[in-house]
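Please look over the model shown below before reading the report that follows.

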Amino acid sequence: MRHLRLLIPVLAGLAAALGQAPWGLWWLALPAFAVGVRACAQARFPALAGLAFGVGYFGLALVWITEPFLVDPEVTAWLAPVALIGICLGFGLLWALAVSLGARYLGGALGVAVAIAGVELTRSYILTGFPWALPGHVLIASPALPSASVLGAHGLGLAVLVGAGLVAMLRPVPVAAGIVLWAAPLVMGAALSPAPEGGGPVIRLVQPNAPQHLKWDPDWIGTFWRRGIEETAAADTIGPPAMTLWPETALPALLRRSQDIRPILAAASGGQPVMIGAQRIDDTGAPRNTLVLLTGPEGEIAARYDKHRLVPFGEFLPFPDLFAAMGFGPLAAQLAGTYRAGVGPVLINVPGVGRVLPMICYEAIFPQDVRAVSRDAPHPRAIFHLTNDAWFGTRIGPWQHLALARLRAAESGLPVMRAANTGMSAVIDARGKVLARLPLGEAGHLDAALPPALPPTPYLATGDWPALAVIGLLAALLGVRKRLKRPATRRSENYGVPTAS
């Protein structure tokens, strides 16, 4: 019977994960978090219940992590279950730690909820950081999304988790308070003014639809390149494009060997600027994942940006000394990419468009990069996101990546123009609403006027510091409350020696 009780947090975790894209069942995720938090708080072994809760949640939310290993199944398919089990157990252990500490030092369902919020904030920053499938992300599909301009992902997560902790207490006043807390970002999001309307310059998004297992096949490279050129040169429908945006690593040759093909791209765009993903070898011989801005009739390189947030194992090997010491050095090095990271986020001035923040693929999951450039320079005009989501499959990963791009727009008040290799290329306004997109797994192009930006948002000014402060304050108050409620040890009047109850 005790083992069956572990099914409750597992099932609660699975239900909570259904709030993530592509399902978007946020109204189911909220009570599911409450059920999971209560099950952890009441468990005889809280850490084990926390592990079960986390494994259920991350096992479904991050099941797409197996997709990159299936691109070349004969070589790496055996690693797909290893990767899924590893990430579920890794993040599940973080929740186990949070539940254990929350139950022991903070007390009750609310203490468990606050501790999970603290762990989720921590995992977004420590080591390389991985702010994907956060509890607050379940509200991306809800009317609460615009409130991210004030709260950010972790503010939304606090509303989700603390609300769940209060509801899990199953007493009238806390339950009412929890429901009010759940409703707060929904009401705030609905009350905020919609994104401003108005047409900016027309941007063309190109989606060549190159499946990852064929993308670099010599027999197919020319096909995908010609397909993209045809989409770039296609007749306009709403006015001539001011520029064209291609996906990540779309240039079919190394940048230093592209002098013969860049004029072809320039001619297809009618001489208008083109931003395209490429690969290059730097002066030290290290490969870089790069995007370039091409201008003029010869496709001259007007600006260049090297991706600075690389995917662990996919684009670089983290902690190589540790893997070598464990005896996994050669295997880990074989699986990892060899890119070298760039220096950080930059703004690029695109003629006829203005200053934009370029992001390459994985970088769009990190809100702090938008804050970094907004602090040091005038507010950019937009975010241009170049990505290759073919690695993520077709079922879950691309939808979640698009959802995170929507969150970046809502947090920053910046529209996002997103060019994705296999999809979904999309136009997102400054409140995170998808105005237009191309279907997943289809080649094509999308012409759209660049939506207006909002003024810098409160979240850009504060970042996640308010969420951290609230977590710290709640933890302190709950810790003091637990100590004050702890029953005093009965002591002998004569000797002060503890006596049995």
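## A hairpin and its neighbours

Strand 6 and strand 7 make a hairpin in which 3 residues lie between them, and Gly352 in the turn has a positive phi of about 80°. Strands here are DSSP runs of E with at least two residues, helices are runs of H or I with at least four residues, and both are numbered from the N terminus; two strands are said to pair if DSSP finds at least two bridges between them. The model is predicted, so that local features need pLDDT of at least 70 and side-chain atom pairs count only at pLDDT 80 or more, while totals for chains, interfaces and linings use all residues. Residues are numbered from 1 along each chain as its sequence is written, and side-chain values use heavy atoms, with hydrogens and water left out.

Strand 6 (residues 348-350) and strand 7 run antiparallel and are joined by 3 bridges, with Val350 standing opposite Gly354 in strand 7. Strand 7 (residues 354-360) is mostly covered, as 6 of its 7 residues are buried, where buried means under 20% relative accessible area, exposed means over 50%, and partly exposed lies in between (1.4 Å probe, protein chains only).

## Parallel pairing and an enclosed strand

Strand 7 also pairs with strand 8 (residues 382-387), in the parallel sense and over 5 bridges, and Pro358 stands opposite Phe384 in strand 8. Strand 8 in turn runs parallel to strand 9, to which 5 bridges join it, and the bridge partner of Leu386 in strand 9 is Ala419.

In a regular strand the side chains alternate between the two faces of the sheet. Both faces of strand 9 are covered, with Val416, Arg418 and Ala420 buried on one side and Met417 and Ala419 buried on the other. Because 5 of the 5 residues of strand 9 are buried, this strand is largely enclosed by the rest of the structure.

Not counting residues up to four places away in sequence, Phe130 touches Leu62, Trp64, Ile87, Phe91, Arg123, Ser124, Tyr362 and Ile365, where contact means heavy atoms within 4.5 Å. Ile365 lies in the loop between strand 7 and helix 15 and is buried, with a relative accessible area of 0%. With residues up to four places away in sequence again left out, Ile365 touches Phe130, Pro131, Trp132, His401, Leu404 and Arg408.

Is Asp369 buried or exposed? This residue of helix 15 (residues 368-376) counts as buried, at 6% relative accessibility. Beyond residues up to four places away in sequence, Asp369 touches His308, Arg309, Pro345, Met359 and Glu363.

## A nonpolar surface patch

Leu4, Leu7, Leu11 and Leu14 form a nonpolar patch on the surface, with about 370 Å² of accessible area together. Patches are made of residues with over 30% relative accessible area and no salt bridge, like charges being joined within 9 Å and nonpolar side chains (Val, Leu, Ile, Met, Phe, Trp, Tyr) within 5 Å; a salt bridge is a side-chain nitrogen of Lys or Arg within 4 Å of a carboxyl oxygen of Asp or Glu. Accessible areas come from the Shrake-Rupley method with a 1.4 Å probe, and for residues only the protein chains shown count as cover.

Helix 2 (residues 7-17) gives the most to this patch, with 3 residues. Leu11, found in helix 2, is exposed, with a relative accessible area of 53%.

## Backbone exceptions

Most residues other than glycine have a negative phi, and most peptide bonds are trans. Another cis peptide bond joins Gly423 and Met424, with omega about 0°.

Ala133 has a positive phi near 60° and is buried, with a relative accessible area of 0%. Thr249 has a positive phi near 45° and counts as buried at 7% relative accessibility.
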